[in-house]
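Please read the following note beside the model.

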Amino acid sequence: MRDPYRLVLMKEETLEEVASYRLSLLNVYLLVSSIIVLTSILVLSVVFFTPVKRLVPGYGDIHENREYVELYKKVRTLEEEVKAQQLYAERFRALILAGADSSALDISSATDDFVGEQPNRPTISQPSPGPGSFYPAIPTVDRRTVKSNLTNGNDIDFLYLIPPLKGPVSAGYSVEDAHFGVDVLAPKNTPVKAVLDGYVITSDWTLETGNTLGIQHANNMVSFYKHNARNLKQLGSFVKAGEAVAIVGNTGEQTSGPHLHFELWVDGKPVDPQNFIAFN
């Protein structure tokens with residue numbers, strides 16, 4: 001390895017010596033090794049200390065990227081909020097159904113004051129909670145209790161409710177006719193707005209009322225929007241007052257034209273929406 005050698009560079013035509021180098025195999029080995037080591041250090045530095053490492057499989061650390069870290073935190077936060085909303089909706093559903101089973105009075109036991117002749121009214125639909133509905137079934141409502149509409153001393157009297165939409169009311173609230181809401185006429189594809197801030201506790205389809213959406217508000221108040229062409233919000237979504245939550249439609253068996261059937265329930269009992277909202 002240490003034996004000396006001479007490397008001579010000569011012109012081919014004249015055999016003139018251009019350069020001469022005294023080398024050994026050890027010197028050549030050290031030179032080549034140094035070049036390889038320096039090249040490796042340079043490549044590794046580029047990989048570890050520049051954005052190029054993101055392009056190298058196995059070297060790109062997602063946890064060192066600020067954008068990925070922020071997105072990861074946001075996703076985790078959204079997942080926790082969705083779980084909390086789902087748990088809230090499930091507990092609220094269980095609470096409503098349990099209250100309906102334990103404290104409701106069968107409609108067949110209503111007094112003779114409600115058995116008389118039914119008043120005439122223009123109807124587009126005769127909505128009533130059907131199978132699979134979230135809120136208590138009609139037979140569990142005590143008509144003597146809801147007739148007062150909770151207009152005296154209830155917190156709802158002090159709330160400003162935004163009209164879900166503007167239009168003529170074709171059928172009003174009537175306990176005697178088991179019509180626990182109002183029918184508001186509107187053209188197809190008219191947006192339906194949330195009356196107050198709240199969480200969507202049901203967004204589903206039933207045979208009787210078609211696309212139905214329910215929102216839980218403060219003060220134990222729930223609003224329902226029925227016969228929608230399409231629900232714009234999913235179960236567990238938080239909505240702001242005045243935000244579009246559905247599109248007016250004509251879905252379900254209990255309808256014969258495009259309109260919104262709107263209901264308000266307070267403390268598990270229906271109230272007359274026209275006492276709190278001006279639809280015209």
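Which residue in β4 is the bridge partner of V169? The reply is in point 2.

1. Basis. This is a predicted model, in which local features need pLDDT of at least 70, side-chain atom pairs count only at pLDDT 80 or more, and totals for chains, interfaces and linings use all residues. Residues are numbered from 1 along each chain as its sequence is written, and side-chain values use heavy atoms, with hydrogens and water left out.

2. Pairing of β4. V169 has V184 in β4 as its bridge partner. Strand β3 (residues 169-171) pairs with β4 in the antiparallel sense, over two bridges; pairing requires at least two bridges found by DSSP between the strands. β4 and β11 also run antiparallel, joined by four bridges. Within β11, F262 stands opposite V182.

3. H259. This histidine is placed in strand β11. H259 is buried, with a relative accessible area of 0%; buried means under 20% relative accessible area, exposed over 50%, and partly exposed in between (1.4 Å probe, protein chains only). A polar atom of the H259 side chain lies 2.9 Å from the backbone oxygen of G257.

4. Main core. The largest nonpolar core has 26 residues, and L161, V192, I215, Y225, V245 and F262 touch the most other members. Such a core is a set of buried Ala, Val, Leu, Ile, Met, Phe, Trp, Tyr and Cys residues joined through side-chain atoms within 4.5 Å. Two or more residues each come from β4 (182-185), β7 (210-216), β8 (221-231), β10 (244-248) and β11 (259-266). The most, four residues, come from β11.

5. V245. Leaving aside residues up to four places away in sequence, V245 touches V192, K193, A194, L213, I215, N231, L232, K233 and V239. Contact here means heavy atoms within 4.5 Å.

6. Second core. A separate core of five residues includes F92, I201, V222 and W265.

7. Whole chain. The chain has three helices and 12 strands, taken as DSSP runs numbered from the N terminus (helices H or I, at least four residues; strands E, at least two). Of its 280 residues, 37% are buried. Among contacts with a separation of 6 or more, 63% are between residues 24 or more positions apart.

Notes:
A polar contact is a pair of N or O atoms within 3.5 Å; within protein, one must be able to donate a hydrogen and the other to accept it, and residues adjacent in sequence count only if both atoms are side-chain atoms.
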